[in-house]
Amino acid sequence: MPSSKTAKVTTGRTDWEALRAMPEAEIERMAAEDPDNPATDNSHWAQATIYVPNGKTSIHASFDRDVVAFFKEGGRGYQTRMNAVLRRYMEAQQGKKANG
């Protein structure tokens, strides 16, 4: 599907050409030997929670400039991070109501 956006060239340490040329079995072997790969250690998944998020509701909200700037400093996904903070606050408040 054509896109009206132009592709951005990103720089990084990954040699994508070498990776594309590598057999799938070699990639799987390397991933299995990588100690930083959480899929290789079941303890990483012991406390995992899987859930289906409720839908999203679009609203107009105004936030202090410094608050938005703080979240934007983290890069893409700042609105998702803001939502996560609000969710934690909501869950903490609901916990207080249930316990008190």
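Helices here are DSSP runs of at least four residues, numbered from the N terminus, and α4 is the one that gives the most to the lining of the largest pocket, with 11 residues. The views below come from a predicted model.

**View 1. The largest pocket and what sits around its centre.** Here we look at the largest pocket, which holds about 1000 Å³ of space. Its lining takes in 25 residues, and K56, Q79, M82, N83 and L86 are the ones nearest the centre. Two elements, α3 (65-72) and α4 (78-99), each give two or more residues to that lining.

**View 2. The make-up of the pocket lining.** Sorted by class, the lining of the largest pocket comes out as 12 nonpolar, 8 polar and 5 charged residues.

**View 3. How α3 meets α4.** These two helices pack at an angle of about 115°, and their axes are 8 Å apart. Angles of 65 to 115 degrees count as roughly perpendicular, so that's the label for α3 against α4. The crossing itself is right-handed.

**View 4. Side by side at the α3–α4 contact.** From α3 come V68, F71 and K72, while α4 brings Y78, R81, M82 and V85. By class, that contact has 5 nonpolar and 2 charged residues, with no polar ones.

How values were computed: Residues are numbered from 1 along each chain as its sequence is written. This is a predicted model: local features need pLDDT of at least 70, side-chain atom pairs count only at pLDDT 80 or more; totals for chains, interfaces and linings use all residues. Side-chain values use heavy atoms; hydrogens and water are left out. On a 1 Å grid over the protein atoms alone, a cavity is a set of points where a 1.4 Å probe fits but cannot get out, and a pocket is an open set with protein on both sides within 12 Å along at least five of seven lines; lining residues have an atom within 4 Å of a point. Grid points are joined across faces, edges and corners, and a volume is the space filled by probe spheres set on the points. Ala, Val, Leu, Ile, Met, Phe, Trp, Tyr, Cys and Pro count as nonpolar, Asp, Glu, Lys and Arg as charged, and the others, Gly among them, as polar. Axes are lines fitted to C-alpha atoms, for helices over the stretch in contact, and angles run from 0 to 180 degrees between N-to-C directions. Angles under 35 degrees count as roughly parallel, over 145 as roughly antiparallel, 65 to 115 as roughly perpendicular and the rest as oblique. A crossing is left-handed if the near helix is turned anticlockwise from the far one by less than a right angle, and right-handed if clockwise. Contact means heavy atoms within 4.5 Å.
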